[in-house]
Amino acid sequence: MGAVISKLDRYQKLLNADLTSAYPVCRARTKTCKQVMSDNILVLGSGGREHAIAWKLSQSLKVQHVYVTPGNAGTCECGKISNIDLDINDHEAVVEWCTKHDINTVVVGPEAPLADGISDLLNKNGVPCFGPGALASKIEASKHFAKEFMKRWDIPTARFQTFTDVTEAEHFIRNASFRALVVKASGLAAGKGVIVASDEDEACKAAQDILHAQLFGSAGNTVVIEELLEGEEISCLAFTDGVTLEMMPPVQDHKRLDEGDQGPNTGGMGAYCPCKLVSASELVLIKSKILQKTVDGLREEGKLYQGVLYAGIMLTKDGPKVLEFNCRFGDPETQVLLPMMESDLYDIICACINGQLHTVTPKFYDNKYAVAVVLVANGYPNKYKKGIEIKGIDKVQRELGQTVFHAGTRLSLAGHQILTNGGRVLAVVAVDSSLVKAVDEALKAADLVDYDGKFFRRDIAKKALNRSLTYSSSGVNITAGNALVDQIKQIVNQTHRSGCATGIGMFGAAFDLKSEGFIDPLLVSGTDGVGTKLKIAQQSNKHSTIGIDLVAMCVNDILCHGAEALFFLDYFACGNLDVSVASEVIRSVANGCQEAGCALIGGETAEMPGMYGSGEYDLAGFAVGAVERLHYLPQVLHIHPGDHVIGLASTGLHSNGFSLVRRIVKDGNYSYGDKCPFDVDKTLGDVLLTPTKIYVKPVLSLLKLTKVKAIAHITGGGLPGNVTRVLPDGVCVELDANSWQIPPVFSWIAKEGNVDTHEMSRTFNCGIGLVFIVDQQEAPQTICDKLRTFGCETWLIGHVLKQEMGQKKVIIKHLDVALERDHSTSNDPLQSNVNGLTAPSPTKCIQKKRVAILISGSGTNMKALIDSTQNSGSVSSSEIALVISNKAGVKGLSLAQEAGIPTQVISHKDYKNRESFDSAIHEALTEHKIDIVCLAGFMRILTGGFVRKWHGRMLNVHPSLLPSFKGSNAHEQVLASRVRLSGCSVHFVAEEVDAGAILIQEAVPVYPDDTVETLSERVKMAEHQAFPRAMELVASGKAVLGDDGYIQWK
């Protein structure tokens, strides 16, 4: 997706208005490839990190220019990149320059300006800034704050203590119960404020140097003394918009100056990516237990964090632990991450700023490695010379094709030479599908660069190259799998039935039917999943009910055959096994089994690195039940006209339609953590995750008392798709949606997503989770009363009828009206029950809008409009009252007459000019008291005077996605432009042709072998769907055209 403009509605629900007002939206514009680049970016900083950021941003088709201040020789007049002279410590000057030069976004490289509040100031002045504000930046700016924060939020880190007194610090070092050998200046020290001592004496000296001798200035007024952790150190960076978090591949930095990780600490001597020393399961923990928890904790404390969150992680024997946090891109991590990034960096940055990161997923190459070798000056990290000429950079780029990111460089005064200007001078970066080759190429590049005193390490990525491969390092954690089995054994045992003949852990599971008392049983099996409802559970990090859904989908299916569920098996698949998540899911499966009365007899846990993304899992279930042969359902031959149809209430969506629901949530800019729009006591995610109702026990109890002819489980396909499955030929079912209570979630979906009645009925259960067909001699009131005593809300919802020729198998009346009811009021007469049955209410009286259709030919769109108003299964806000054609004898006139609609021919040839023709049309419309006019293939251009008279009341459909491809030859234009997407647009008619406000658009694909005829047919199908929906929007008053030409949505 492109960079988008978005309001921060989500964050106004999370934080107070004063805080969110500091974050303007990113002003990036979404463009097609034909549009010119337009956005200007300012990058603050002068190092290799900033060069890499500018380099990646310049590749965006949406970016016109990238300015860097103060920059270096690599960012000086390089294509779309150039340097400007600004003092980044003078924040007011930066804001003034950005405002004057129409800067769309500022990206801050180093941490100091962020800690000093430059992001807050830029945002306050309407300049979107990528980087956290001063409060959130404390996660790096104050190590004391960071450690206390981690302690508050239970984020794994080294044990520690903070001090301002040298004596107390020394006493702690010598008496701590752990090796307190890491001494850190609490404030910002340009990445050099950490001393890792080899013994207590060295640690005490470090405390003296920092606190007493002020080795790092005021940054060392407070020191943090930490436990020395052992293990591999990695860097984990993530993009975040303050709620959603997307990790980048793990990186290993090399901080020590000399090979073998010896010598003093530096800003970084090289890095490689991705680092395979961390397992997939560890990455899941890092994301959920460290990074996401940090973002959530900061937000809870009123510190919205937007930007890059960087955690230095030690992989200890006890799991990943945080060494430190940084509030920006790492250096040199950025120099290997951005060359590995497939996505447009600017898209991701804008998504973070706009609170829209949930709509995009940053993509990185998964079949390549990047290696960066940093070249430093002689004497670094202590004293070193500057102004030394550098040669060979052009050879690296020309002969090896590798990338060079400048850091401590500048141009000579004459501009002809590149000179050293810092300790870390350059980073040479190689990318290859082989880590070995990437290392070799990076070292070749380092050798080609030449300057006096050049120094670099030759062992970058050596640890990764030397490691031995294990199943665990491939991403499969056998220990975690065994731990999961141990955790779930007790849960599984709680679902035991007498027929269970084996325990968990065997190769197969045996079940003894005889011991369960069956005489002549039929086995009935069913399998199902939960669909994309899983996505909501994973994004909400709520897994405690999703297993109930899995069980319900399977056991309710076999219940339709009268079968009692005996045992259940689950299949849990993931990319990397998080034992806590998996055990929570399987515990919910066991809870579902207990509710259904079946045994969780076994299952499979499959850990498949590379198959699923981080934090993702999939579920499948398998249920086996039994029913005595004589009681098998459905008894299709016994279903006759007059039989009763009884509906059992659903708990909500159950487990179907979630792809559509997720689209509505995305398009509406909702978060699953938001308050639910129709149930303010719950979050939207909680309501959507309401588990599927398990009907087994109440239905089995009823089957012992009442003869039931058929049962239908209402899943995918809705009422029409599932009730049809149990009906014999020659009969149909008529249901009245006014006879049952529809949960408000369905009304919200229909309204928020503008989902029509037909789509609602075939996608969702619309409040009915199970349907019974019982004999007409049975008393429906008695059946409903019995089911209510078992805890199931139940209604008589319809009857079986004789099916007439061409009649649908399932007819649903009044669904439109039922979906529009206000379900929040307890005195709604539609909710009142009489003797246990919902009292049907008369159809709501609707004052229909009178519509006239103007045609010139066959009238295919006209027929779609007529059908939408005359469909017995829906309630329309309009009626077709007149059809006018400017040509006699066309097919559209006969179609209208067959539908019982008045027609009239007003030929343009009978009038001297357009004005008089239009006047005749207007008189006919007025005479028939027309409210709305629809142009359906009307091949005359109407005058401006006529259009003004019908402002906001006249609609047209155009065969393209306006504003592209206007005019009469839209399909020819589409094919000539070779676009891959076309469609139709229904719009209000304006005086300028095809320029009115758009109500609805439907897209269709354009195939390489399309002709005008094939494309036209495909677009016509879309028109037949879109035009009736648009007419209904206007007729119902949901869309009103204002005097300013813009639509007011209600």
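Proline 274 sits in the loop that links strand S15 (270-273) to helix H11 (280-300), where helices (H or I, at least four residues) and strands (E, at least two) are DSSP runs numbered from the N terminus. The peptide bond joining cysteine 273 to this proline is cis, with omega about -5°. The model is a predicted one, in which local features need pLDDT of at least 70 and side-chain atom pairs count only at pLDDT 80 or more, while totals for chains, interfaces and linings use all residues. Residues are numbered from 1 along each chain as its sequence is written, and side-chain values use heavy atoms, with hydrogens and water left out.

A cis peptide bond also runs from aspartate 331 to proline 332, here with omega near 20°. Proline 332 belongs to the loop between strand S17 (319-326) and helix H12 (333-337).

Backbone phi angles deserve a look as well. Histidine 654, a residue other than glycine, has a positive phi near 60°. Its loop lies between strand S28 (644-649) and helix H21 (658-667). With a relative accessible area of 2%, histidine 654 is buried (buried means under 20% relative accessible area, exposed over 50%, and partly exposed in between, with a 1.4 Å probe and protein chains only). Arginine 978 is not a glycine either, yet its phi is positive at about 65°. This arginine is placed in the loop between helix H33 (970-977) and strand S43 (981-988), and its relative accessible area of 70% makes it exposed.

Cysteine 327 is buried, at 1% relative accessibility. For cysteine 593, the closest cysteine sulfur is that of cysteine 598, and the separation of 3.9 Å is too far for a bond. Cysteine 593 is likewise buried, at 0% relative accessibility.

Turning to charge, a positive patch on the surface gathers Lys887, Lys909, Arg914 and Arg940. Patches are made of residues with over 30% relative accessible area and no salt bridge, with like charges joined within 9 Å and nonpolar side chains (Val, Leu, Ile, Met, Phe, Trp, Tyr) within 5 Å. A salt bridge is a side-chain nitrogen of Lys or Arg within 4 Å of a carboxyl oxygen of Asp or Glu.

Aspartate 87 counts as partly exposed, at 45% relative accessibility.

Finally, valine 431 is part of strand S23 (residues 424-432), and its 31% relative accessibility counts as partly exposed. How many residues along the chain lie between the positions of valine 431 and alanine 158, and what separates their C-alpha atoms? The two are 273 residues apart along the chain, and their C-alpha atoms are separated by 34 Å.

Notes. Disulfide = S-S within 2.5 Å. Areas by Shrake-Rupley, 256 points an atom, 1.4 Å probe, with all protein chains shown as cover. Lys, Arg positive; Asp, Glu negative; His and termini not counted. Charge placed at Lys NZ, Arg CZ, Asp CG, Glu CD.
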